[in-house]
Amino acid sequence: MAEPENGLSRIRHDPEAFEAFYRRHVETVNRFVARRVDDPHTAADMTADVFIAVIDSAHTYRPSCGNEIGWLFGVARNVLAANRRRAGRELRANQRIAGRRLLDSDDIDRLVERIDAESTGRRTYQALADLPAGVRALLELIVVDGLTVTEAAAALDIRPVTARVRLHRARRVLRDVVSAQTPAMAYAKE
């Protein structure tokens with residue numbers, strides 16, 4: 001059985017009902033917000049946000065639990081609390097970057113050059129990322145950790161022959177990546 005519609009829930013679908021509710025309570029909400037916010041632009045935004053939240057949550061109002069004002073103040077408190085949490089997150093984020101020098105155009109130019117210079121390395125890493133997990137793990141053990149093929153096979157609990165086959169496949173993929181990049185690099189140098 002559907003919940004009976006309360007009188008306030010009409011504001012969600014009836015612009016005239018919302019306008020009447022808004023006109024009846026806008027000054028009260030403005031005073032409520034103004035007691036808690038000292039910036040006029042923020043106060044105006046918060047008042048608007050309260051009425052947007054009212055539209056979204058009007059169906060939750062239950063006259064048996066109290067009058068419209070009590071419910072409206074509850075909505076307003078939730079909106080202001082959400083705004084304070086958001087402002088707190090922004091403040092913490094700004095504090096984390098405080099003291100860090102912003103990049104000027106020369107810094108950006110150097111970073112762009114560095115990023116361009118490392119494009120071959122990024123493509124190689126991408127090729128490695130596309131390899132199956134077992135092949136990638138074998139390469140890491142051999143190339144990064146310096147194990148022999150036999151030692152890497154033992155670490156992965158595979159036969160040395162299987163390790164050699166995987167290593168051969170990985171080298172072929174890497175060779176294809178490097179050979180695909182070589183013509184573009186030779187052309188760029190001309």
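Reader: Is aspartate 14 buried, partly exposed or exposed?
Author: Aspartate 14 counts as partly exposed, because its relative accessible area is 25%, where buried means under 20%, exposed over 50% and partly exposed in between, with a 1.4 Å probe and protein chains only. This is a predicted model, in which local features need pLDDT of at least 70 and side-chain atom pairs count only at pLDDT 80 or more, while totals for chains, interfaces and linings use all residues. Residues are numbered from 1 along each chain as its sequence is written, and side-chain values use heavy atoms, with hydrogens and water left out.

Reader: Which side chain does aspartate 14 meet in a salt bridge?
Author: The partner of aspartate 14 is arginine 10, at 3.9 Å from N to O; a salt bridge here is a side-chain nitrogen of Lys or Arg within 4 Å of a carboxyl oxygen of Asp or Glu. Arginine 10 has a relative accessible area of 44%, which is why it too is classed as partly exposed.

Reader: And how many salt bridges come out by that rule?
Author: The count comes to five salt bridges. Among them is the pair of glutamate 19 and arginine 23, whose closest N and O atoms are 2.9 Å apart. Both of these residues lie in helix α1, four residues apart, about one turn of the helix. Here a helix is a DSSP run of H or I with at least four residues, a strand is a run of E with at least two, and both are numbered from the N terminus. Arginine 23 is exposed because its relative accessible area is 60%, whereas glutamate 19 is partly exposed at 40%.

Reader: What about arginine 86, which residue does it bridge to?
Author: Arginine 86 forms its salt bridge with glutamate 90, with 2.8 Å between the closest N and O atoms. Helix α3 holds both arginine 86 and glutamate 90, four residues apart, about one turn of the helix. Arginine 86 has a relative accessible area of 36%, so it counts as partly exposed, and glutamate 90, at 42%, is also partly exposed.

Reader: Stepping back, how many helices and strands does the chain have?
Author: There are eight helices and zero strands, and the pattern along the sequence reads α-α-α-α-α-α-α-α. Of the 190 residues, 26% count as buried.

Reader: Histidine 25 then, buried or exposed?
Author: Histidine 25 is buried, because its relative accessibility is 5%, and its place is in helix α1, which covers residues 15–34. Its side chain makes a polar contact of 3.4 Å with the side chain of arginine 24 (a pair of N or O atoms within 3.5 Å; within protein, one must be able to donate a hydrogen and the other to accept it, and residues adjacent in sequence count only if both atoms are side-chain atoms).

Reader: New topic: which residues form the positive surface patch?
Author: That patch is formed by Arg31, Arg35, Arg36, Arg77 and Arg84. Patches are made of residues with over 30% relative accessible area and no salt bridge, joining like charges within 9 Å and nonpolar side chains (Val, Leu, Ile, Met, Phe, Trp, Tyr) within 5 Å. Lys and Arg count as positive and Asp and Glu as negative, while His and the chain ends are not counted; each charge is placed at NZ of Lys, CZ of Arg, CG of Asp or CD of Glu. Arginine 77 lies in helix α3 and is exposed because it reaches 58% relative accessibility.

Reader: Which residues gather in the negative patch?
Author: The negative surface patch brings together Asp104, Asp106, Asp109, Glu113 and Asp116. Aspartate 104 sits in the loop between α3 (68–97) and α4 (105–117) and counts as partly exposed because its relative accessibility is 37%.

Reader: And how much accessible area does the nonpolar patch have together?
Author: Leu103, Ile108, Leu111, Val112 and Ile115 form that surface patch, with about 420 Å² together, as computed by the Shrake-Rupley method with a 1.4 Å probe, where for residues only the protein chains shown count as cover. Isoleucine 108 is in helix α4, and its relative accessible area of 41% is why it is classed as partly exposed.
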